[in-house]
Structures are given as C-alpha cells and as structure tokens.
Amino acid sequence: MSHRRSLAGVWSQRQCARPLRSKVRAVSSECDPFLREHLDDPYPFYARLRDRPEDFVVVPERGVVLAARHDVARTVLRHHHTYLSGLGVQWVPVADAGLRATFIENDPPAHTRVRRAVQRWCTPRAVAQLDEAVAGVVSELVDRFVAVGGGDVMAEIARPLPLRVMGAWLGIDLPDAATTWADASFRLGAPDPPADASEQFAGFLHWALGEGFATVRPDGMAAAILAGGDHGGLHDDERFVALASIIIAGLDTTVHLIGNGIAALASNLDQFESLVDDPDGRAAGTVEEVLRFDAPVRFFLRRTDAGLTVVVLYGSANRDERAFDDPNRFLIDRDASEHLAFGSGIHLCLGAPLARLEGTTLFRALAERTASIELLPGSARTDSAAIRGFATLPVRVQPR
Ligand code: HEM
C-alpha cells in the first residue's frame with residue numbers, strides 16, 4: 001500500500017469517524033472488533049474486514065478506524081510521524097488518562113531518549129545472560145507438570161514462568177498477584193473495561209509505591225531504571241512509570257504466548273511431533289509461528305493530529321493471506337518473520353528478545369520431555385478485549 005494512498009483513504013472516510021467519546025454506549029456494528037461475539041474466535045471476522053475494499057474500515061459507533069490488513073497495519077506502525085503514539089495508544093487518550101506509559105505513549109525525541117535509557121539491558125545479547133536462569137525455571141515447572149501427568153497450563157506454567165523470569169531479570173520479587181495486575185492494566189486500555197479492573201490495578205500501585213519498589217535488589221535492572229537508566233536518560237518523573245510499564249508489558253503478554261502456543265501444539269499434533277523430532281532446531285520457529293498464528297496483544301492505537309484514531313489489529317494482519325500462504329494453518333516450519341505480534345518500527349517490542357528466550361526454552365523443554373500432549377475439556381478463553389489468551393487450559397501429558 002502506498003503511504004499516500006492510505007492517507008487519502010483515511011481523509012475521505014474521516015467524516016464518518018466521529019471523535020472518540022470517553023463513555024462509549026452499547027454498540028452493534030458489523031465492523032466492531034470489540035463485540036463479545038468476536039472475541040473468542042476473531043479470525044473469521046478479521047477475514048471479512050480484510051476483504052473489504054477500503055484500507056481503513058470505519059467503526060462509527062466507536063469513533064475509530066481499523067487497520068486490519070498486513071500492509072495497512074505495517075504502514076501505520078512504521079509512519080510514526082503521522083500516526084502518533086504520544087496522544088495515546090490505549091483506548092483512553094493520554095490527555096484523559098492522567099498518566100503516560102513511558103515508552104509506548106511517547107513520540108521522538110522523548111521516545112528515543114527513554115528507550116535508549118534501558119536498551120542496554122534488553123538486547124538479545126544482554127538477555128542471553130539469563131539463559132541459565134530461564135532454563136532452571138523452565139526445568140522446574142515442566143518437570144513437575146510432566147511428573148503429575150499435566151494440569152492447567154495457565155496456572156502451572158504460563159503464569160509462573162514470566163513472573164519468575166521477570167523477577168530475576170529486574171531484581172525484584174514480583175508477587176503472584178502481579179499477573180492479575182497486568183491483566184487488569186491491559187483491560188483498562190481497551191473499550192468497555194470491566195468494573196473491577198481499576199480496583200485490581202490499584203493493587204499494583206499500592207504494592208509498587210509501598211514494599212514493591214522499595215525492596216529492589218541493588219544490582220538489578222529495576223534499580224538501574226529507578227536511578228535513571230543508562231546515562232541518567234530517564235527524568236525523575238519517568239522512572240517509576242518506566243519500571244511499572246516494563247513489569248506490566250512483560251507479564252500478561254508472555255503468559256499468553258505460552259498458553260496460546262501449548263494450545264496450538266496440542267491442537268496440531270503433526271506440528272507437535274515435528275517439534276519433538278528436532279526441539280533444538282524448531283523451538284525458535286515455533287515461537288514465531290505461535291506469535292503469528294495467535295497474537296497475544298489484540299491491538300494498540302495510533303492517533304493523528306487531525307483527530308483520527310486507528311486501531312491496529314495485529315492478529316488480523318498476521319492472518320492476512322496477502323502476506324502469508326495458508327495463514328489459518330499453524331505450521332512451525334514456515335517463515336513467520338513478517339508477523340506483527342511485537343509491532344513494527346520505532347515501538348517494536350522492547351521485551352521481544354526476553355519473550356523469545358522464554359518461549360524457545362519452554363517449547364524445547366516440553367518437546368524433549370513429553371511423548372504426547374492432549375487437550376482436556378474445560379479450557380476457556382479469557383474475556384479480555386485487549387489480550388488474546390486462555391483463562392484455563394487443562395491438558396494431559398505423558399512423559400517421554
Ligand atoms: C510474547 C510477549 C510479548 C508480546 C506479544 C508483546 C507485544 C508488544 C507490542 C504489540 C508492542 C507495541 C508495538 C507497537 O505499538 O508498535 C510492545 C511494545 C512494548 N513491549 Fe512488548 N510484548 C511482549 C513481551 C514483552 C516483554 C517480556 C517486555 C518487557 C520485558 C515488553 C515490553 C515492551 C515495551 C517496554 C514496549 C514499548 C516499546 C516502545 O514503545 O518503544 N514486552 N510489545
């Protein structure tokens with residue numbers, strides 16, 4: 001898609017896109033991705049959006065337009081001078097939220113400065129120093145899971161793994177409740193948040209402002225962020241939110257990479273067997289294909305100076321038949337590298353190397369230690385409009 005043509009499309013549709021209202025009334029639109037009926041299985045609905053001739057699909061009831069195709073979504077993400085993040089990438093614009101997420105809700109030059117302040121700890125090479133720590137946590141969780149023949153993947157592996165790895169990386173003891181806080185925070189960034197989300201998120205602030213950030217270990221990344229990051233790049237009023245943003249961004253997302261991945265492998269046993277044949281060679285590709293096939297983050301927004309709000313649907317872009325052959329099949333050997341599950345452009349996920357390390361180590365260990373995996377009845381998707389994943393995922397496994 002040419003950038004010029006995409007903009008022309010937006011401007012011609014602008015009269016339909018009313019300004020975002022802070023209080024959204026009940027809607028029923030054939031183009032509304034946030035309707036409950038689309039959340040459990042959004043992919044047929046996304047396909048209908050991509051089939052429409054326009055680049056941006058207008059949802060008048062919500063005051064937004066949708067970027068559903070891969071080329072449109074990538075263009076929006078990469079043209080950060082037009083499609084701004086500093087006005088807010090979550091449902092509530094920054095001006096109304098009273099708080100700005102330090103990395104993702106900034107534009108250059110502030111964004112460049114804050115990202116540089118923490119980049120050193122987030123590179124693949126820096127994160128590789130956690131290899132052993134991640135392998136230790138994975139071994140403990142997977143061995144226990146396999147020894148008892150399986151259980152709820154979400155409770156036994158998907159939630160504890162990122163919690164413990166993030167704790168080790170940051171040098172901070174994260175309580176179990178942190179995954180619930182992260183989930184609540186993402187829900188607050190989506191339309192129609194549930195009534196208890198604010199209260200749950202308040203638990204995070206209470207903890208962080210109290211015992212949480214007061215007890216960070218002096219040699220860890222959290223301490224460095226609270227001290228201003230590399231070369232003191234973070235201003236005083238940015239340090240707390242920077243650390244909070246990283247904790248929130250790193251938990252709920254990775255939790256659902258793991259849950260969605262195990263569900264996809266258990267539903268596609270030929271792919272599981274292919275991974276078992278070569279865990280070392282195929283675990284990293286499995287992570288990329290899971291991210292493409294079932295992206296944990298449903299959307300972020302971009303806003304323009306002219307008042308347009310664009311919802312970037314990562315999961316829809318990743319199933320675009322123009323970008324991927326046979327996109328509805330889960331194939332761990334495919335080249336999924338063009339997926340947008342981590343975003344693209346200057347806001348490309350800062351934690352991607354860590355999430356990849358966690359996912360690769362886990363899928364490899366699972367394939368090495370289990371002979372079979374079987375989905376049991378009782379699994380349930382979460383009802384989050386922001387994150388796509390499972391609330392419970394019972395499986396049976398047999399040891400190798
Ligand atoms: C599978 C796991 C993960 C997924 C699917 C994911 C997804 C995303 C997405 C979609 C974005 C926004 C990109 C954009 O708007 O263009 C993002 C940004 C971000 N992510 Fe992740 N993320 C994951 C794990 C993590 C982890 C483990 C961390 C931290 C340790 C993290 C920290 C961040 C930060 C700080 C940003 C903002 C970067 C910026 O604005 O410059 N994420 N992530």
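In which helix is Ala 208 found? Ala 208 is found in helix α12, residues 197-214. Helices (H or I, at least four residues) and strands (E, at least two) are DSSP runs, numbered from the N terminus. The model is predicted, so local features need pLDDT of at least 70 and side-chain atom pairs count only at pLDDT 80 or more, while totals for chains, interfaces and linings use all residues. Residues are numbered from 1 along each chain as its sequence is written, and side-chain values use heavy atoms, with hydrogens and water left out.

Ala 208 is buried, with a relative accessible area of 3%. Here, buried means under 20% relative accessible area, exposed means over 50%, and partly exposed lies in between (1.4 Å probe, protein chains only). Neighbours within four places in sequence are set aside for the contacts of Ala 208. Its partners are then Phe 213 and Phe 240. Contact means heavy atoms within 4.5 Å. Ala 208 and Leu 243 are 35 residues apart in sequence. In space, their C-alpha atoms are 9.6 Å apart.

Phe 213 and Phe 240 also belong to an aromatic cluster, together with Trp 181, Phe 201, Phe 204 and Trp 207. The structure holds 13 aromatic pairs. Rings of Phe, Tyr and Trp (its six-membered ring) pair if their centres lie within 6.5 Å; planes under 30 degrees apart count as stacked, over 60 as edge-to-face and the rest as tilted. Tyr 43 and Tyr 46 form an edge-to-face pair, at 5.8 Å centre to centre and 75° between the planes. These two tyrosines are three residues apart in helix α3 (residues 43-51), so about one helical turn separates them. Tyr 43 is buried, at 8% relative accessibility. Tyr 46 is buried too, at 5%. Trp 207 and Phe 213 have ring centres 5.8 Å apart and planes at 85°, so this pair is edge-to-face. Trp 207 is buried at 8%, and Phe 213 is buried at 9%.

Next come the strands. Strands of a sheet pair through backbone hydrogen bonds, either parallel or antiparallel. Two strands count as paired if DSSP finds at least two bridges between them. Five bridges link β6 with β9 (residues 394-399) in the antiparallel sense. Ser 372 has Gln 398 in β9 as its bridge partner.

Strand β4 (residues 299-303) pairs with β5 (residues 309-313). The two run antiparallel and are joined by five bridges. Phe 299 has Leu 313 in β5 as its bridge partner. Five residues lie between the strands of this hairpin, where Gly 307 takes a positive phi near 95°. In β4, five of five residues are buried. Phe 299, Leu 301 and Arg 303 lie on one side, and Phe 300 and Arg 302 on the other.

Helix α15 (residues 269-277) has buried residues as well: Gln 271, Phe 272, Ser 274, Leu 275 and Val 276. Their cover includes α14 (236-267), α16 (279-293), α18 and β6.

The ligand and the cysteines complete the account. The iron atom of the ligand has a single protein donor, the SG atom of Cys 349, 2.3 Å away. Donors are N, O and S atoms within 2.8 Å of the metal (3.2 Å for Na, K and Ca); water is not among the atoms, so sites may look incomplete. Cys 349 lies in the loop between α17 (314-317) and α18 (352-369). Cys 349 is partly exposed, at 28% relative accessible area. Cys 122, at 3%, is buried. The structure holds zero disulfides, a disulfide being a pair of cysteine sulfur atoms within 2.5 Å.
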